[in-house]
Amino acid sequence: MSPSFKLQCHLILIFLVALRGESRYLEGGCPAPGPLSHPLNFSQLTHFPCQLREKGDPDPFLLFSANLKRELAGEQLYHRALRCLDMLSLQGQFTFTADQPQLHCAAFFISEPEEFITIYYDLVSIDCQGGDFLKVFDGWILKGEKFPSSQDHPLPTTERYIDFCESGLSRRSIRSSQNVAMIFFRVHEPGNGFTLTIRRDPNLFPCNVISQTPNGKFTLVVPHQHRNCSFSIIYPVVIKISDLTLGHLNGLQLKKPSAGCGGKGDFVELLGGTGLDPSKMMPLADLCYPFQGPAQMKIGCDNTVVRMVSSGKNINRVTFEYRQLEPYELENPNGNSIQEFCLSGL
């Protein structure tokens, strides 16, 4: 089984466990017992990958199979049923039909870093007056935390929610601002539901990204824009920065309580934590000046973020590689690493 498939399964299990044990991602939802102590802690999910699947559910690996991705390259549109709790990385048409009252449901969508996600309403049959709802959120929410954070998203939080019961079919399509989006919904009456089509569109300058894989290479470019951009990797990783262009001098400095890049208009920071929201994560290092690497750091956190803050005066660019830390590296840390903030929960 490839590491990529394992990651996708881990992500699915994280969301299934977190949503079944914690419904605070729904505003006004009713909490259920048994939430995860750390929403992104993979070690809690290692020993029960199959017990979370409902009887009759297809293998979650099928969601990410190469055969289905190749099928989408042709003219035929991929179709399948949408489950109450689901995660999708494919284009296609997805139908949810309630077989019983479904009160706390969510589906998470993720695409490649250089893509937007567009959600089209094909058919909606829900009872808004009876308490049903269907909402799209521009980003992800998990256990009360958002990605992108409110500091990094171009829209205020209230405008990131699009409620079908308020807008109806007057807004038949909704495009995300990054490579992740989600819906959450409630359907009381058996037989009611909806059909959505999910498309992925090119994004020339991706800003906020959640990586689909634990290993990869990426260049984050912010061209003369006053905005903050975060690249999130939901795994403990080694980060190797090979190039940073900001327009200053050389340097890499660890963040101290009284020091950092706060006085600079453009900088990159490395963050680590156990949640989803970069604004609630621990700042681990600041990169205030351009350099040609490599500069490498081990970050043993459940979630690692490379975040660029841009004043809009420069074309800022950072290129980095990342790979998942092996278990022996977490047990025997060495080298240039940040240990004390992240390893206690692993």
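Me: Which residues point one way from strand 18, and which the other way?
Reply: Phe267, Glu269, Leu271 and Gly273 point one way, Val268, Leu270 and Gly272 the other way, and all are buried. Buried means under 20% relative accessible area, exposed over 50%, partly exposed in between (1.4 Å probe, protein chains only). This is a predicted model: local features need pLDDT of at least 70, side-chain atom pairs pLDDT 80 or more, and totals for chains, interfaces and linings use all residues. Residues are numbered from 1 along each chain as its sequence is written, and side-chain values use heavy atoms, without hydrogens and water.

Me: What makes strand 18 and strand 21 a pair?
Reply: Pairing needs at least two DSSP bridges between two strands. Seven bridges join strand 18 to strand 21 (residues 303–309), and the two run antiparallel. Leucine 271 stands opposite valine 305 in strand 21.

Me: How many bridges join strand 18 to strand 19?
Reply: Five, to residues 282–287, again antiparallel. Leucine 270 has alanine 285 as its bridge partner in strand 19.

Me: What is the strand order in the open sheet of five strands?
Reply: The order is 1-3-12-5-10, with mixed pairing.

Me: Why is one side of strand 1 and of strand 10 left without a neighbour in the sheet?
Reply: Strand 1 (79–81) and strand 10 (173–175) stand at the edges, because each has a single partner strand. Strand 5 (residues 115–125) pairs with strand 10 in the antiparallel sense over three bridges. Isoleucine 119 has isoleucine 174 as its bridge partner in strand 10.

Note on methods: Helices (H or I, at least four residues) and strands (E, at least two) are DSSP runs, numbered from the N terminus.
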